[in-house]
Amino acid sequence: MKSFEVNFDGLVGPTHNYGGLSFGNVASQSNSQQASNPREAALQGLEKMKALMDMGFVQGVLAPQERPDVAALRSLGFSGTDAQVIERAAKEAMPLLVASCSASSMWVANAATVSPSADTADGRVHFTAANLNCKYHRSIEHPTTSRVLGAMFADQQHFAHHAALPAVAQFGDEGAANHTRFCREYGEAGVEFFVFGRSAFDSRYPAPQKYPARQTLEASQAVARLHGLSEEGVVFAQQNPSVIDQGVFHNDVIAVGNGELLFHHQDAFLNTEQMLAELHGKLAARGANFQSISVPRDQVAVEDAVRSYLFNSQLLSRADGSMLLIVPEECRANPRVWQYLQGLTAAGGPIREVKVFDLKQSMQNGGGPACLRLRVALNETELAAVNPGVIMTAPLYDTLTQWVSKHYRDALRESDLADPQLLLECRTALDELTQILKLGSVYPFQIN
Ligand code: SUG
C-alpha cells in the first residue's frame, strides 16, 4: 500500500501580532511591539502550502483558533458582556489581553505529537495534543486543538486522540517540535525520536540556566506510552542545555529529520555519539540505513542557526529518493548559512535542492517553515479517512486566499487588540472557515 507524509500547515489567524510573549525565543522578544500584518502572514503561509501541493506533496490545512479567547479571560475573573471583558482586561491587565489574542496556534508543530499506525500497538494513528504548559498564551490552545484534530481525523477505526498531559511544568509538552520519526518508508515501522530539555523528576540530568527547557523527559515518555510505542521503536535524547540558553527553545530550531536522515547542528544534543549509535542500531533492526549530517559550529554558529532558522526547515522526500529542504528567506540573507547550503547541495549527498520561502511575518515571532506544519504519515486507507475538507486543492487555495483578503486586517498593533470589533471580525471569519473546511462546530463561540 502507498504511504505519504502529509504536512498540515497552520493557517495564520486574524489576530497575528507581536506580543513579545515567549521568553527564551529571541525573535518573539526582539520584535515585541512592532506592527504586524495578519493578512500578509496568512497569505505567506498559504503560498507555501500551494507551492508544496504544486510540487506533488499531499498538503493539508489546520484551522486557527478563536481569539481574543474571551472564555480564558472570563476564567481569570473578567466579567460582563464579551466587549466588557475585553475592555476590562485592556484597562486592568493588558499583558493578559495580549496573551489571549495570540495567534500562536499557527505553529502547529506544537499542536500535538503524532505516531503513525505502523509504530503503534493498536495499528491506529495516535495524536496527543500538547499542553504547551510553559507559556500561558500557548497553554490555552489545546482544548480547541483537540476539537479541530478530532474534526479532521474523526474515524476512530484509524485515529486515536489523547487529551493533553497534566497541566504542570513537570509534564511540559511541546508536541512534534521535539519529536522526529525516522523510517525507510512512511508506511513501515520506524523509530520515534523524542528530544527533551530537562528531567522534572531526576536531578542527574543537567538543565539550562537562563531560559526554560519546555519539554520534559517524563512528558516525552508519557506520550510514547500513550501511543503504544515499543522499546525498539523509540529513542529519547537530551537537548544540549547550552543551546537552549542561546535561544533554541524547541529542538526543531537546531535539528530536522526525515526518512533515514537526521540533519542537525554539531551542538544540538548531549551524548551525541551514543544517541546516533542507538538510532543507527534501532533503525538497522527495522531494515533502515540511518544517516546523519552534522553541521559544524565553525561553519554555522548556533547564533547563525537561531537567527536564520536553518534547521527549522522542512526536509521532504521526492519521488526519485532525493531530498528537498524548504528554508526561510533568512537563510539566504545569512552569508555563512547560505554558503553552507550551497556546499551541501553540491556535495551529492541526500539533500539535493533548497527552496526558499518568505515567511517573515511568522519568522518575526520565531516560527519558521517547520513550526508551521504538523507532519502526519498516513497510508492510502488512512488518507481516504481524513476529512477531505482540510486537504489542499487549487480551488481550496483560491477560496482561502479570498477568505483572508475579505476578513483580515493588514496592520495590527497592541492598541487594536482592545477593539471589541476585532472579536466580531474573527468570529465572523472563523464561522465561515469552519464551513469552508467542513469542520462542524469547533470554536467556543460555536459550542457554548
Ligand atoms: O512558542 N512564538 C512561538 C513560536 C513557536 C515556534 N514553533 C516551533 N519551533 N515549532 C513560541 O515561542 C510568540 C508570540 C508573541 O510573542 O506574540 C510565540 O508564541
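This is a predicted model: local features need pLDDT of at least 70, side-chain atom pairs count only at pLDDT 80 or more; totals for chains, interfaces and linings use all residues.
**Ground rules**

I number residues from 1 along each chain as its sequence is written, and my side-chain values use heavy atoms, leaving out hydrogens and water.

**Entry 1: the whole chain**

I started with secondary structure and found 18 helices and 15 strands in the chain. These are DSSP runs numbered from the N terminus, helices being H or I with at least four residues and strands E with at least two.

Next I looked up overall dimensions. The C-alpha trace spans about 60 × 45 × 45 Å along its principal axes.

I then checked burial: 61% of the 448 residues are buried. Buried means under 20% relative accessible area, exposed over 50%, and partly exposed in between, with a 1.4 Å probe and protein chains only. The accessible surface comes to about 16500 Å², and carbon and sulfur atoms hold 49% of it; I used the Shrake-Rupley method with a 1.4 Å probe, and for residues only the protein chains shown count as cover.

**Entry 2: S102**

I went to S102 and found it in the loop between α5 (94-101) and β3 (112-115). S102 counts as buried because its relative accessibility is 9%. Leaving out residues up to four places away in sequence, S102 touches T15, N17, L21, R67 and H137, where a contact means heavy atoms within 4.5 Å.

**Entry 3: cavities**

My search of the whole structure gave 5 cavities of 30 Å³ or more. On a 1 Å grid over the protein atoms alone, a cavity is a set of points where a 1.4 Å probe fits but cannot get out; a pocket is an open set with protein on both sides within 12 Å along at least five of seven lines, and lining residues have an atom within 4 Å of a point. Points are joined across faces, edges and corners, and a volume is the space filled by probe spheres set on them.

The largest cavity holds about 280 Å³. Among its 21 lining residues, E5, H179, T180, R181 and R375 lie nearest the centre. β15 gives the most to this lining, with 5 residues.

The second largest cavity has about 180 Å³, and its 22 lining residues include H137, a contact of S102. I count 6 nonpolar, 14 polar and 2 charged residues in this lining. Here Ala, Val, Leu, Ile, Met, Phe, Trp, Tyr, Cys and Pro are nonpolar, Asp, Glu, Lys and Arg charged, and the others, Gly among them, polar.

**Entry 4: pockets**

The largest pocket has about 660 Å³ of space. E185, Y186, S317, R318 and A319 lie nearest its centre, out of 24 lining residues. β1 gives the most to this lining, with 4 residues.

I noted about 280 Å³ for the second largest pocket. Its 18 lining residues have A27, V306, R307, S308 and M363 closest to the centre.
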